[in-house]
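Please find below a short note on the structure. The points are arranged by topic and may be read alongside the sequence and the coordinates.

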Number of protein chains: 2
Amino acid sequence: MALIVKKFGGSSVANAERVFNVANRIIEDYKKGNDVIVVVSAQGDTTDDLIDKAKEINPDGPSKREMDMLLASGEQISISLLAMAIEKLGYPVKSLLGWQAGFETDSHYGMARIKRVNTERLQKEIDKKNIVIVAGFQGLNKYDDITTLGRGGSDTSAVAIAASMRADLCQIYTDVDGVYTADPRKVSNAVKMDEISYDEMLELAAMGAQVLNNRSVEMAKKYNVELEVLSSLEVKPGTIVKEKVKMEKTLIKGVAKDNNVARISIVGLDDTPGVAFKIFNKLAQFKVNVDIILQSVGRDNTKDITFTVPSDQAKQAVEAIESLKDILNYKEISVDESVAKISIVGAGMESHPGVASKMFEALYDAGINIQMISTSEIKISVLIDAKSADNAVTAVHDAFLN
Amino acid sequence: MALIVKKFGGSSVANAERVFNVANRIIEDYKKGNDVIVVVSAQGDTTDDLIDKAKEINPDGPSKREMDMLLASGEQISISLLAMAIEKLGYPVKSLLGWQAGFETDSHYGMARIKRVNTERLQKEIDKKNIVIVAGFQGLNKYDDITTLGRGGSDTSAVAIAASMRADLCQIYTDVDGVYTADPRKVSNAVKMDEISYDEMLELAAMGAQVLNNRSVEMAKKYNVELEVLSSLEVKPGTIVKEKVKMEKTLIKGVAKDNNVARISIVGLDDTPGVAFKIFNKLAQFKVNVDIILQSVGRDNTKDITFTVPSDQAKQAVEAIESLKDILNYKEISVDESVAKISIVGAGMESHPGVASKMFEALYDAGINIQMISTSEIKISVLIDAKSADNAVTAVHDAFLN
């Protein structure tokens, strides 16, 4: 007997047949005597369809508050349908919206952060032996307005429930059957891992491995929630993500590619103290997530600063810089979106100096030019031309993982 | 400067063009300095599409709780889209779900009754000079679960807000431009009324005139909310529904037809006291709404009782009677569904004895046989063969309203 939190994405509940498939997976665990809380996303293309409706009304983008009101209807549909399927199969069930399940968030509409999960209602339904189906991706702010958590929000919802309810396991069902050393659709000899640590998973997630959203992994690490990434279609064990993992034969845990990246260069800045602070402070105020940063050596009393951001934040980043016009001198800003970030991840990298050079050598052998480099204790990332990204992943994977 | 509540149905917001049409109607009143609260239903076919999805999961009908959870998503979509259109046109607006707008209901999922509208949030948004868009048809019960109000629920939502906020006017937008003396699609010389009293409107609604749901008229009467029924497409005055109306040249306010009626006859009952009580008490227990009742004069120590019920309750009515088998002697029960009820409605009818005979004469002249008759202070109804219903409406309308 355990408390298990399960999360199913939108494609897992895209039609009636899949809804029943998910219902059966849930009932299997319930029948064994477990308490089960399930987090679901909106069905298949529902969210995209809703976005289209909004764009038809206002192509410039409606307010984020109304957008959240609109989008939150998607999970309301999927939770009620899943609950109906479980009812039909003869098991007790209740669907709950984000706010009913106790999700209290801040007021950043469209990318709200969970402040707290008030578990009173969840606990009450579990005590009544109900299977509980919770709308992922959504919560309520202090004004009693609906908020959504942004991309990957349902993963975060699931982990937040698992943490607040002290669940024994949080299972994230996906269309892959676990975490691989590289994207198995791209790299034929990619290997599925049985276990991976939070930190390694975080680096893989941040680097564009789409299996798990990194906010959810961060939260799992913080509250020590054991995650399992597994297939919603096949019944077999997935990859466990936890604090300490067994020593595995290979140091490098994976190669990841991220195309959602733009490189922004500010050229001809005054070479005076405080320039970097002003820029990155302003970017933080504009909620831009800066990744790799490179500052050129000063010359002619000017310097250049280059950094990367997620593609969809490039426009905001430029606006942030331009808002500094009065206190910041520079010649020009340029944005390059035709770049990709390739990363290798593995614990203990910093004590193995040969790792970086081996990666760079593999790229050199494949004729790929490195534009920027960033390293941390457990990862090395390079920025390269987007066109070479798939070649680069194969080259690096071959060098390390064969 | 006034507080105006406006209600738009699903067809009024069925697509982006119509949403903007509605937005403009709202803004017109707001620009004049009025406070405006708008109640909307789900877009066009949304509710039917959601019902189809539910039937696909469970053809036997899912639980009403989950059905309400599902259906309430429909208005969530329409309110946010309408709010986006108003934003786009440059006016301040907030959309609110039923529970956010303070709708507290009982727990009859699928046909909940409003217990109270907590107006705190509505008042706050009005004080900030926001146009407020409220999801009709929905509320929250004491368990914090979503409920829906059943057929015509959005009209009731609008009247409830108007009553609780002491609005100056509650405008119900429909696809007709007011209340007519007969169905204008059937009777070519039907006349639109400028004003009608609550009681007359109630009788018309109960008699099958589909313009306004009678729960909403009952509530308007109870709280003395002035209603206006008007067209969502054309800009012109509609029909005002209120307590006292101006004396008009004609006593009769309208002719209505109701095809949703079945005649049930119990033949050969013992002519002893208590028979009628036993029958109608049992029908009430079976929740059958009995309308016209006719009892024959006793003969050979037996009598017949005939009554009408809504068509869809005929089966239940027969079951109710049959359950009395042990304590009630009768020869047979017959059910006739090929009947229609034609009614004329107008205040002060009881003091004008000529009205009934004029109606009967018109039917006689048209060669229509009257099966049953029922009268009240403000209406006269006759039951006739369903095939003659349209002829009967025209004949009666011509007699009184030309």
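Which residues does I146(A) touch, not counting residues up to four places away in sequence? The first point below takes up this question.

1. Contacts of I146(A). The structure discussed here is a predicted model. With residues up to four places away in sequence set aside, I146(A) touches D68(A), M69(A), A72(A), Q138(A) and L140(A).

2. Setting of I146(A). This residue belongs to strand β8 of chain A, which covers residues 146-148. I146(A) has 27 C-beta neighbours inside 10 Å, and a residue is taken as buried at 20 or more, so I146(A) counts as buried. L202(A) stands 56 residues from I146(A) along the chain, and the C-alpha atoms of the two are separated by 28 Å.

3. Relation of the two chains. Chain B is superposed on chain A by a rotation of 175° with a shift of 0.4 Å along the axis, and the RMSD is 1.8 Å. This is the relation of a two-fold axis. Within chain B, S73(B) has the C-alpha nearest the axis, at 1.7 Å from it.

4. Extent of the interface. On the side of chain B, 26 residues are in contact with 26 residues of chain A. Three helices of chain B, namely α1 (16-31), α2 (46-57) and α3 (64-88), each supply at least two residues of the side that touches chain A. The most is given by α3(B), with 14 residues. By class, the residues on this side of chain B are 13 nonpolar, 7 polar and 6 charged.

5. Surfaces used by the copies. Of the interface residues of chain B, 100% are also interface residues in chain A, so the copies meet through the same surface.

6. Packing of α5(B) and α7(B). In chain B, helix α5 (residues 153-164) packs with helix α7 (residues 214-223) at an angle of about 10°, and their axes are 8 Å apart. Angles under 35 degrees count as roughly parallel, and α5(B) and α7(B) are therefore roughly parallel to each other.

7. Residues of the helix contact. From α5(B), the contact is made by D155(B), T156(B), V159(B), A160(B) and A163(B). From α7(B), the residues are R215(B), S216(B), M219(B), A220(B) and Y223(B). The contact of α5(B) with α7(B) comprises 6 nonpolar, 2 polar and 2 charged residues.

How values were computed: Residues are numbered from 1 along each chain as its sequence is written. Chains are lettered from A and ligands numbered from 1 in the order in which they are written. This is a predicted model: local features need pLDDT of at least 70, side-chain atom pairs count only at pLDDT 80 or more; totals for chains, interfaces and linings use all residues. Copies are superposed by least squares on the C-alpha atoms of residues with pLDDT of at least 70 in both. Two residues are in contact if their C-beta atoms, placed from the backbone, lie within 7 Å. Helices (H or I, at least four residues) and strands (E, at least two) are DSSP runs, numbered from the N terminus. A residue is buried if 20 or more other C-beta atoms lie within 10 Å of its own, exposed if 12 or fewer, and partly exposed in between; C-beta atoms are placed from the backbone. Ala, Val, Leu, Ile, Met, Phe, Trp, Tyr, Cys and Pro count as nonpolar, Asp, Glu, Lys and Arg as charged, and the others, Gly among them, as polar. Axes are lines fitted to C-alpha atoms, for helices over the stretch in contact, and angles run from 0 to 180 degrees between N-to-C directions. Angles under 35 degrees count as roughly parallel, over 145 as roughly antiparallel, 65 to 115 as roughly perpendicular and the rest as oblique.
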